[in-house]
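Subject: Model handover and findings

Hi,

Here is the structure for you to look over. My notes come after it.

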Amino acid sequence: MRLATLRSSDGGTVLADYPSVGHLLRQEHWEEIARTATGPRRAVRPADLTPVIPRPGKIVCVGLNYACHIEEMGHKRPDVPTLFIKFPEALTGPYDVPLLPWAQHAADFEGELAVVIGMRARRVPAEDAAEHIAGYAIMNDYSLRDYQYRTQQWHQGKSLERSSGFGPWLTTRDAFRPGAPLQTWLNDALMQEDRTDDLVFPRRRSSNTSAPCMRWSWAT
């Protein structure tokens with residue numbers, strides 16, 4: 001099942017009582033509500049789509065997590081996750097154009113897999129973690145590299161207002177295929193390709209370490 005948040009009610013099957021996917025996920029039986037929704041089906045234009053969760057409570061990002069990309073850059077694999085945050089104000093629609101004319105000298109893009117937590121989670125055992133996941137989406141980790149590397153803290157280059165496209169939809173956990181490829185395109189050029197199971201924390205490909213690395217290319 002795929003769920004999206006629209007800027008208007010002129011497309012898709014509209015859940016009138018829930019203005020965004022985020023509002024829907026707060027309901028105890030949100031999956032049943034979405035599956036049983038009825039209404040006219042209409043075409044949706046790219047410009048109609050907002051961030052799939054317009055105002056998440058927090059956005060926690062893990063840097064240096066794709067094993068092949070770490071090897072490609074010549075870095076050592078970290079022993080602990082490198083974490084940084086984005087403010088909700090950094091999000092924009094998946095087809096919106098970031099307008100940052102004062103800060104385009106070292107602009108870069110990275111397609112990332114976003115894991116959307118659908119219920120409150122605190123000190124959850126690893127074996128139970130998946131039960132808290134509502135689904136998965138795509139996010140553009142838009143970065144201003146010159147700002148990012150001014151200090152050892154990455155946040156200032158990672159969280160500029162309305163810079164990170166989020167969406168177009170949430171793929172619910174039951175419909176997601178683990179290890180699905182992640183691709184980033186610039187117009188018609190494939191710039192980034194990797195597998196979503198090629199993660200260091202935890203590394204899921206330990207039984208297949210001979211698998212070839214995909215390619216990563218950057219705007220800078």
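The notes below cover the cores, strands, surface, backbone and salt bridges.

First, the ground rules. This is a predicted model, with local features taken at pLDDT of at least 70, side-chain atom pairs counted only at pLDDT 80 or more, and totals for chains, interfaces and linings using all residues. Residues are numbered from 1 along each chain as its sequence is written, and side-chain values use heavy atoms, without hydrogens or water.

Cores
A nonpolar core here is a set of buried Ala, Val, Leu, Ile, Met, Phe, Trp, Tyr and Cys residues joined through side-chain atoms within 4.5 Å. Buried means under 20% relative accessible area, exposed over 50%, and partly exposed in between (1.4 Å probe, protein chains only). The largest core has 19 residues, and L25 and F166 touch the most other members. At least two residues each come from α1 (21–25), α2 (30–35), β2 (59–63), β6 (111–117) and β7 (133–140). Another core, of five residues, lies apart from it and includes L100, A107, Y142 and L144. Helices (H or I, at least four residues) and strands (E, at least two) are DSSP runs, numbered from the N terminus.

Strand β7
Six of the eight residues in β7 are buried. β7 runs antiparallel to β6, joined by seven bridges; M139 in β7 is the bridge partner of E112. β7 also pairs with β10 (residues 170–172), again antiparallel, over two bridges. There, G135 stands opposite T172. Pairing requires at least two DSSP bridges between the strands.

Surface patch
V60, V62, L83, I85 and F87 form a nonpolar surface patch with about 450 Å² of accessible area together. Areas are Shrake-Rupley, with a 1.4 Å probe and only the protein chains shown as cover for residues. Patch residues have over 30% relative accessible area and no salt bridge; nonpolar side chains (Val, Leu, Ile, Met, Phe, Trp, Tyr) are joined within 5 Å, like charges within 9 Å. β2 and β3 each give two or more residues to the patch. I85 sits in β3 (residues 82–86). I85 counts as partly exposed because its relative accessibility is 40%. Leaving out residues up to four places away in sequence, I85 touches I59, H155 and S159 (contact: heavy atoms within 4.5 Å).

Backbone
The G167 to P168 peptide bond is cis, with omega near 20°. P168 is in the loop between β9 (164–165) and β10. Two non-glycine residues to check for positive phi: R162, at about 55°, and N187, near 55°. R162 is exposed at 53%. N187 is exposed at 73% and lies in the loop between β11 (181–186) and β12 (189–195).

Salt bridges
The whole structure has eleven (side-chain nitrogen of Lys or Arg within 4 Å of a carboxyl oxygen of Asp or Glu). R35 and D174 meet at 3.1 Å, N to O. R35 is in α2 and D174 in the loop between β10 and β11, so this pair ties together parts 139 residues apart in sequence. R35 is partly exposed at 47%, whereas D174 is exposed at 52%. E71 and R77 meet at 2.9 Å, N to O. K158 and D141 meet at 2.7 Å, N to O. Both K158 and D141 are buried. A salt-bridge network links K86, D108, E110, D141, R145 and K158.

Best wishes
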